[in-house]
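Open your viewer and get ready to click along. We will go from strand pairs to the residues packed around them.

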Amino acid sequence: MPEYFVVRGTVEPGDQRGRELGFPTANIALRDQAGSLGDGVWAGWAGRADGSRVPAAISVGRRPTYYGADGYRLLEAHLLDFSGDLYGETLVVWLGSHLRDQEKYSSAEDLITALKNDIAAAAQWTADHPAAALPEPGESAPGEVRRIAG
């Protein structure tokens with residue numbers, strides 16, 4: 001059974017950079033600024049308040065291309081095949097498969113190429129790991145990262 005990291009939090013406005021690049025994200029502030037989870041890109045699921053679960057490509061970290069090592073750590077979930085406004089909504093995000101570490105890219109074009117690859121990998125992983133098999137997330141403080149067994 002897979003193991004998951006789960007984060008619950010309210011979607012906050014960001015700097016709109018993901019939207020500008022063509023990959024809007026739902027941003028959740030992380031309590032853990034030290035990085036015990038580790039920065040990286042993940043495949044997983046986002047659970048909405050209405051009970052639906054949407055496949056997602058998820059970035060955790062400081063956004064090194066734009067902020068280097070000084071950025072505020074965020075969870076940024078790009079919900080696949082979704083459009084709409086999530087600001088103010090509480091999401092539960094399951095991080096299921098670590099796809100890669102975060103990297104600093106020399107151009108927006110290089111970052112976009114990487115994001116497209118991440119989305120394809122996340123789509124494949126979520127197709128192989130359906131939302132119906134996700135473990136119950138339990139309760140947690142907003143922005144707290146918890147490890148749970150699948």
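Start by selecting E1 and E6, two strands that pair in the antiparallel sense over 6 bridges. Strands here are DSSP runs of at least two residues, numbered from the N terminus, and two of them pair if DSSP finds at least two bridges between them. This is a predicted model, in which local features need pLDDT of at least 70 and side-chain atom pairs count only at pLDDT 80 or more, while totals for chains, interfaces and linings use all residues. Residues are numbered from 1 along each chain as its sequence is written, and side-chain values use heavy atoms, with hydrogens and water left out.

Now click Val7: its bridge partner in E6 is Val93.

Is E6 mostly covered or mostly open? It is mostly covered, with 8 of its 11 residues buried (buried means under 20% relative accessible area, with a 1.4 Å probe and protein chains only).

Stay on Val93 and show its surroundings. Beyond its neighbours within four places in sequence, Val93 is in contact (heavy atoms within 4.5 Å) with residues including Phe5, Ile28, Trp45 and Leu75.

Finally, select Trp42, Ile58, Val60, Leu75, Leu79, Val93 and Leu95, which touch the most other members of the largest nonpolar core, a group of 20 residues. Such a core is a set of buried Ala, Val, Leu, Ile, Met, Phe, Trp, Tyr and Cys residues joined through side-chain atoms within 4.5 Å. Its largest share, 4 residues, comes from E4.

Methods
Buried < 20%, exposed > 50% of the residue type's maximum accessible area, 1.4 Å probe, protein only.
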